[in-house]
Amino acid sequence: MERIILHSDINSFYANVECLYHPEIRNLPVAVGGNPEKRHGIILAKNQKAKEAGVKTGEVLWQARAKCPELVVRAPNYELYLRFSRLARKIYNRYSDQVEPFGLDEAWLDVTNSARIHGNGSVIAEKINRDIQEDLGITVSIGVSWNKIFAKFGSDYKKPNAITVITRDNYKKIVWQQEVGDLLYVGRSTKKKLMKYGIYTIGQLAKTSLDFLVLQFGKMGAVLWRFANGLDDSPVKSFDEHYNGNERILKSIGNSITTPRDLKDLKDVKFIIYMLTESVAMRLRETGCYCLTVAIHVRNKELHSFTRQLKLAKPSDLTREIAEAAIALFENNYDFSSDIRSMGVRVTDLVPDSTPIQLDLFGNEELRVRQARLDETVDDLRKRFGNLAVRRAVTIGDQMSCLDPKKDHIIHPIGYF
């Protein structure tokens, strides 16, 4: 049986939820953005009126206001968006238990086995579209196809509040005619490199020699070739495979931040790494997981960036162990030839905290047990009295000391892989 895959994308998610709760701005150009004083002054989302005025996601607030002086900018309310994201997933679960989130506002659904009950893919898409509007007061765009990549393409193809069906009969007329940057995971640098080789459309990418793409892009070249040719056969993971509880993602946990000022030395970097790690480790413990890999992302003031990762000696959810690994990664890979503008800390290769851990004959397991108890105590205090109730000494005594370890960061979408 041919698979029926849907990709649902909530239109202008953050901005439309804000308009829902603030009807007085509903007919105005609205954007959700960060705090300019903390240099988080970028557009995270915008409504249709702001989009028509030329406002773009990712641009700084002053640029957006230059295009649209009447723009209303709301600070992000992530707890509210998480609530709506969960409510949307409950609607998706009416039609399938195979729901794979892709960030807060997007999700894939495999409705192959639901077609006998609810109708074909386009019928189910129409039902979901109606349910979201009636139950939540917001709209979605939905792509329908036989694979996840083309379903995702379909949800982006027409917006807002649209349904696009991509079949084996029409994908060459629809997908192949679009520019190569519209394909999932063809970012700016990959697009630029593809264009250097005369590959401007998805169809041209599909017809390019697989061996050539692997030579130029490694394994990712083969992945993009399969994507372009509609050969993606990756499954839509079921809800339980992704979550422990309601919304805890079991693939990776990470935070990143654009700092209020440039980081000029290792002391500054340690401050930010510990602040980020406090949140990452706290969320790791909340999910009931250990991590096996720690990664950092660093971007300097010239906007050059790099990512590095390392394997831990044993699974861990200890704040200090994760922070020390991140600091070691930084020290081994950066020389402060330029000040740093933003940083991120992420943990991956997650395993349940019930996983047996091999004890080290020469290690100090008693110290690790004490550290675990200390982390749990600090978590409890923060839940009762706020995230800034207990802080490490390394994070005190600077203008950045007021940064909240669980709020002053960016929420990233879940990676496809």
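I take two strands as paired if DSSP finds at least two bridges between them, and I use strands (E, at least two residues) and helices (H or I, at least four residues) as DSSP runs, numbered from the N terminus. Before going further I note that this is a predicted model, in which local features need pLDDT of at least 70 and side-chain atom pairs count only at pLDDT 80 or more, while totals for chains, interfaces and linings use all residues. Residues are numbered from 1 along each chain as its sequence is written, and side-chain values use heavy atoms, with hydrogens and water left out.

**Entry 1: pairings of β12.** I looked up strand β9 (residues 253-263) and found that it pairs with strand β12 (residues 340-352) in the antiparallel sense over 7 bridges; Ser 256 has Gly 344 in β12 as its bridge partner. Strand β10 (residues 289-300) is also antiparallel to β12, joined to it by 11 bridges, and there Val 298 has Met 343 as its partner.

**Entry 2: an open sheet.** I then followed a sheet of 5 strands, open and with mixed pairing, in the order β5-β6-β1-β7-β8. Because β5 (99-101) and β8 (163-165) each have a single partner strand, they stand at the edges, and one side of each is left without a neighbour in the sheet. On average, neighbouring strands here are turned by 15° against each other, direction ignored. Within the sheet, β1 (residues 5-10) and β7 run antiparallel and are joined by 6 bridges. I also checked helix α4 (residues 78-92), which lies across β1, β5, β6 (106-110) and β7 and runs at about 155° to β1; axes are lines fitted to C-alpha atoms, for helices over the stretch in contact, and angles run from 0 to 180 degrees between N-to-C directions.

**Entry 3: Val 140.** I found Val 140 in strand β7 (residues 140-145), with Ile 10 standing opposite. Val 140 is buried, since its relative accessible area is 0% (buried means under 20%, with a 1.4 Å probe and protein chains only). Leaving aside residues up to four places away in sequence, Val 140 touches, among others, Ser 8, Ile 10, Tyr 92, Asn 129 and Ala 162, a contact being heavy atoms within 4.5 Å.

**Entry 4: confidence.** I read the pLDDT, the predictor's confidence in each residue from 0 to 100, and its mean over the protein chain is 86, with 88% of residues reaching 70 or more. Over residues 242-249 the pLDDT is below 50, and this stretch has 24 contacts in the model beyond near neighbours in sequence. For residues 408-414, where pLDDT stays under 50, the model has 21 contacts beyond four places in sequence.

Key
Buried < 20%, exposed > 50% of the residue type's maximum accessible area, 1.4 Å probe, protein only.
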